[in-house]
Amino acid sequence: MSILPLSFSLFLILFPSVCLADIGTAAWYAPPYSPTACSGSDASQFPSSYLFAAAGEGIWDNGAACGRQYKLRCLSAVAAGSCNPDQTIEVKIVDYGRSLVSPGSVAGTTIVLSQTAFEIVANWTASRSINIEIQQV
């Protein structure tokens, strides 16, 4: 028996969170943010930190994504230097990417971040979309 499978199994046991993240893409959108597909015009749906997002088709789950929290970080972008290294954020899903009042910078992404959230992980003026690591919290 090879030691490699045993080592890999040990890695999965010791570092399970590493294995639960997915790779996707993120865009950004600007105000107006309301009304939303999740809670209409209810202002209390938005975190005071403005760290929120709209779910793309892959995570929308027929509306079940509303209120879910996702942790994400920028991995890369077309424009070199767009990612802010070592910045990880947690966002709350408040809307559906296909029904945004203010369209996202790129259609069809995994998640569409508020402009504030995008600015923390990447340079929004340099990049319309980024490649991300994303994990439901």
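Predicted model: local features only at pLDDT ≥ 70, side-chain atom pairs only at ≥ 80, totals over all residues.
Two disulfides are present in the structure. Counted along the chain, the bonded cysteines of the protein follow the pattern 1-2, 3-4. One of the disulfides is formed by C38 and C66, with the sulfur atoms 2.0 Å apart. The torsion about the S-S bond of C38 and C66 is about -85 degrees, and the disulfide is therefore left-handed. C38 is located in the loop between strand 1 (22-29) and strand 2 (52-55), and C66 in the loop between helix 3 (57-60) and strand 3 (69-76), so this pair ties together parts that are 28 residues apart in sequence. C38 has a relative accessibility of 23% and counts as partly exposed. C66 is likewise partly exposed, its relative accessible area being 28%.

C74 is joined to C83 by a disulfide with an S to S distance of 1.9 Å. For C74 and C83 the torsion about the S-S bond is about -50 degrees, so this disulfide is left-handed. C74 counts as buried, because its relative accessibility of 8% is under the 20% cut-off.

Strand 2 pairs with strand 4 (residues 88-96) in the parallel sense, over four bridges. In this pairing, A53 stands opposite I93 of strand 4. The pairing of strand 2 with strand 5 (residues 111-114) is antiparallel and runs over three bridges. Here A54 stands opposite V112 of strand 5.

Three salt bridges were found in a search of the whole structure. In one of them R98 is paired with E57, and the closest N and O atoms are 3.3 Å apart. R98 lies in the loop between strand 4 and strand 5 while E57 lies in helix 3, so the pair ties together parts that are 41 residues apart in sequence. The relative accessible area of R98 is 67%, and this residue is exposed. E57, with a relative accessible area of 48%, is partly exposed.

A salt bridge is also formed between R68 and D61, where the closest N and O atoms are 2.9 Å apart. D61 is partly exposed, with 43% relative accessible area.

R73 forms a salt bridge with E133, and the distance between the closest N and O atoms is 2.9 Å. R73 belongs to strand 3 and E133 to strand 6 (residues 129-136), so the pair ties together parts that are 60 residues apart in sequence. R73 counts as partly exposed at 33% relative accessibility. E133 is partly exposed as well, with a relative accessible area of 26%.

Conventions:
Residues numbered from 1 in each chain as written. Heavy atoms only, no water. Disulfide = S-S within 2.5 Å. Helix = DSSP H or I, 4+ residues; strand = E, 2+ residues; numbered from the N terminus. Buried < 20%, exposed > 50% of the residue type's maximum accessible area, 1.4 Å probe, protein only. Pairing = 2+ DSSP bridges. Salt bridge = Lys/Arg side-chain N within 4 Å of Asp/Glu carboxyl O.
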